[in-house]
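Biologist: I have the sequence and the coordinates open. Can you walk me through a few parts?

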Amino acid sequence: MERIPSMVALSRRNVQAALIYSTRSPDLVSTDLVGSESTNVHPCSGWKVYLCSKEVYHQSSSTALFWHPTKEDQRHCKLSKRSIKKTEMEEELDKAVFMYLKRKGFTQTEQIFQQEQQNKNNKNAADASVSDTDITKQILTFSQPENIPAMYHDGYSKLRSWTYSSLDLYKHELLRVLYPVFIHCFMDLIAKGHLQEARAFFSSFREDHEMMHSRDLKKLEGVLSPSHLEEMEFAHSLRQSKVNIKICQYSYELLLQYLHKTQSITMLGIINEHINFQVSPGQPSSISDDAEAFSLVGSGQDAANLINQKEIHWGLLEDSLEDRLDKAGGLLSDSEKTEADAKEGELDDNKKKSAEGGKQGGPLKKLKKDKVGGAAGKGARGEGDKAAAAPRVKPELTLPTIPTDVESSILEDLRNRVQLSNSTLPSVCFYTFINTHNGLNCSSISHDGSLVAGGFSDSSLKVWDVAKLGRMGSSILQSENDSGLNENTLGSNGGKRAYTLYHGHSGPVYSASFSPWGDFLLSSSSDSTIRLWSTKFNANIVCYKGHNYPVWDVQFSPVGHYFASASHDRTARVWSMDRVQPLRILAGHLSDVDCVQWHVNCNYLATGSSDKTIRMWDVSSGNCMRIFIGHRSSILCLAMSPDGRYLASGDEDGTIMMWDVSNGRCITPLVGHTSCVWSLAFSCEGSLLASGSADSTVKLWDVNTSVKPPKSEETKSGNTNRLRSLKTLPTKSTPVYSLRFSRRNLLFAAGALSTNL
């Protein structure tokens with residue numbers, strides 16, 4: 001028997017190759033090590049340890065597993081020592097008897113005694129060889145190189161069959177294990193040179209994960225040799241990272257029992273090396289929690305945690321329009337007083353008529369209801385407006401001056417803003433593009449909803465004035481006395497167009513953005529340029545060149561003058577209207593930067609990428625201040641809450657996540673859309689979030705409920721999904737391209753009618 005030290009430390013890299021057996025019980029016990037950071041197993045001097053790897057003991061900073069003997073093991077060790085001493089005494093006694101017979105000349109008795117001792121030794125050796133042979137056979141089955149492809153295929157196939165045959169209550173949690181095991185089985189086969197077997201394995205089981213991970217599978221299809229695992233960033237990050245999987249205690253125990261029963265060392269090694277289980281007590285989580293129950297972590301997660309510790313000032317700007325409105329509150333109170341005085345006068349008249357016996361009961365009740373409703377609206381305004389309670393910060397950029405007439409118009413809109421809540425939902429105005437023939441790539445709506453822009457695949461940018469559309473009627477022919485038309489508004493036959501046509505790009509237009517005051521329009525294209533247009537003169541003013549690849553998104557800052565762009569070259573850039581070169585180049589994403597979103601105080605910029613992460617940057621320094629990790633597909637859109645505290649993001653799988661900017665944590669996912677989420681918008685007071693999707697629906701979510709901490713009862717029961725969609729607004733067959741809340745809280749939406757749905 002081999003003597004085991006009182007404490008043995010093995011690296012997690014080698015534990016997957018360790019088979020631990022006992023001379024008392026040859027059962028495999030290494031399954032107890034699954035998914036734990038520190039696990040105690042109790043061997044003693046009666047244990048044998050067989051290691052299939054070259055390194056027997058590996059001391060390093062990544063030491064993860066420790067074994068300590070217990071009192072019972074120590075007692076067993078003492079018994080073993082006694083048995084050893086007894087055996088040694090018997091051997092000495094037999095030797096003394098043998099010498100005595102030989103000295104006395106009892107030759108025949110000596111031969112019989114010697115033969116009996118030989119038979120006894122042969123019997124003990126045979127018993128020992130049977131036990132050792134059984135153990136050796138099991139070890140050799142895992143060490144034969146020619147069986148590696150079959151081991152991966154059979155191990156995964158059995159795990160898959162067992163998972164799908166599990167109880168429905170726990171099946172959805174156990175199914176989360178299959179995807180990381182699948183991709184690492186495939187990459188391990190590639191790394192070991194079994195290319196054909198790896199492709200066959202990939203083709204056999206990829207359909208199981210096509211719905212949730214189609215983009216990942218398409219990327220992994222390009223892995224054709226071991227060198228690709230290092231050259232391809234996506235595959236390399238998967239190999240270097242771990243997956244966090246949330247699972248309940250009972251599901252975890254079921255998995256342990258299966259691995260212990262099947263003794264599949266291959267599956268055990270993959271699970272130990274690439275999966276971290278976050279075991280929670282209570283009932284299994286619901287299927288709708290799958291979006292947050294599976295996350296990829298690794299060296300990037302450690303860097304993200306370090307970056308997210310940086311201090312960030314998420315409040316509003318000092319002397320903002322909201323502050324000016326509060327300072328000018330006398331204007332609002334005067335108007336409200338005037339309306340209140342008028343209502344009180346009518347109410348007094350009604351009371352007098354009612355006292356005189358007039359039939360005024362109905363109007364009186366109605367006026368009382370209106371008065372109560374008005375008071376309730378004021379109360380809702382105080383509770384729902386988060387911007388008033390947000391901290392104030394100083395601007396880090398030189399901000400432009402707002403024209404007086406524009407400021408007055410904005411303040412008027414803010415005074416007449418409707419206060420929204422979960423019981424007071426907004427009115428929605430939907431603009432539908434027809435006869436686009438799948439040529440519309442993007443749309444944008446001005447802040448007051450008066451202008452609608454569309455970017456098309458034929459490199460054109462078209463702008464519709466909604467006010468003029470209503471006056472044009474059915475006749476759109478040019479009048480002889482109409483001298484205000486130019487070539488941008490004239491059709492090929494001399495007739496008047498319903499829109500203004502902007503030509504300048506040499507490739508498809510992928511994004512458009514109106515300035516806060518509506519006097520300028522930005523557009524980005526696959527020709528790697530950004531163009532600034534004047535909506536007043538209907539002309540191109542500046543062409544900004546800096547990106548080397550298509551520009552997917554461009555957005556004006558909340559105060560105008562500054563804007564940001566996102567490109568296929570994996571960078572985002574910050575620009576100003578008066579400079580043709582970018583002010584900042586923000587680099588750090590591992591794939592395309594698909595969308596950008598300014599913080600309300602203009603000091604920070606958020607970027608969403610195809611690498612499934614969101615970053616927030618300090619505009620003045622260019623440093624990354626936050627990394628949000630949790631999405632399972634490309635981020636397509638972003639939205640910032642009016643107080644600057646929360647960031648909403650939508651991805652290609654239809655999942656929306658709400659993030660706390662102050663600490664970089666995900667508050668909760670919003671699950672409900674069945675296709676890509678293309679647009680997000682917060683209401684002006686921040687109580688509602690609107691989302692538009694390719695599934696042809698607009699959904700309204702209650703933000704106040706979303707950001708509340710979970711109740712203790714929900715936490716104990718394991719149900720932390722608190723988000724509920726307030727309302728779903730379906731269109732007939734129109735995917736939603738863009739959303740915009742006006743300053744008066746009217747929701748505008750736009751999309752192209754599709755005949756393929």
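Modeller: Start with a definition: the expected span of a helix is 1.5 Å times one less than its number of residues. Keep in mind that this is a predicted model.

Biologist: What span should the 14 residues of α11 have, and how far apart are its end C-alpha atoms?
Modeller: Helix α11 covers residues 249-262. At 1.5 Å a residue, its 14 residues should span 20 Å. That agrees with the distance between its end C-alpha atoms, which is 20 Å.

Biologist: Which elements do the buried residues of α11 pack against?
Modeller: Buried here means under 20% relative accessible area. In α11 that applies to Ser251, Tyr252, Leu254, Leu255, Leu256, Tyr258 and Leu259. They pack against α4, α5, β6, α12 and β7.

Biologist: Which element gives the largest share of the lining of the second largest cavity?
Modeller: There are two cavities of 30 Å³ or more. The largest share, three residues, comes from α4.

Biologist: Which residue of β31 stands opposite Trp659?
Modeller: Strand β30 spans residues 655-660. It pairs with β31 in the antiparallel sense over six bridges. Opposite Trp659 stands Cys666.

Definitions and conventions: Residues numbered from 1 in each chain as written. Predicted model: local features only at pLDDT ≥ 70, side-chain atom pairs only at ≥ 80, totals over all residues. Heavy atoms only, no water. Pairing = 2+ DSSP bridges. Helix = DSSP H or I, 4+ residues; strand = E, 2+ residues; numbered from the N terminus. Buried < 20%, exposed > 50% of the residue type's maximum accessible area, 1.4 Å probe, protein only. Contact = heavy atoms within 4.5 Å. 1 Å grid on protein atoms, 1.4 Å probe; cavity = no way out; pocket = protein on both sides within 12 Å on 5 of 7 lines; lining within 4 Å. Points joined across faces, edges and corners; volume = space filled by probe spheres on them.
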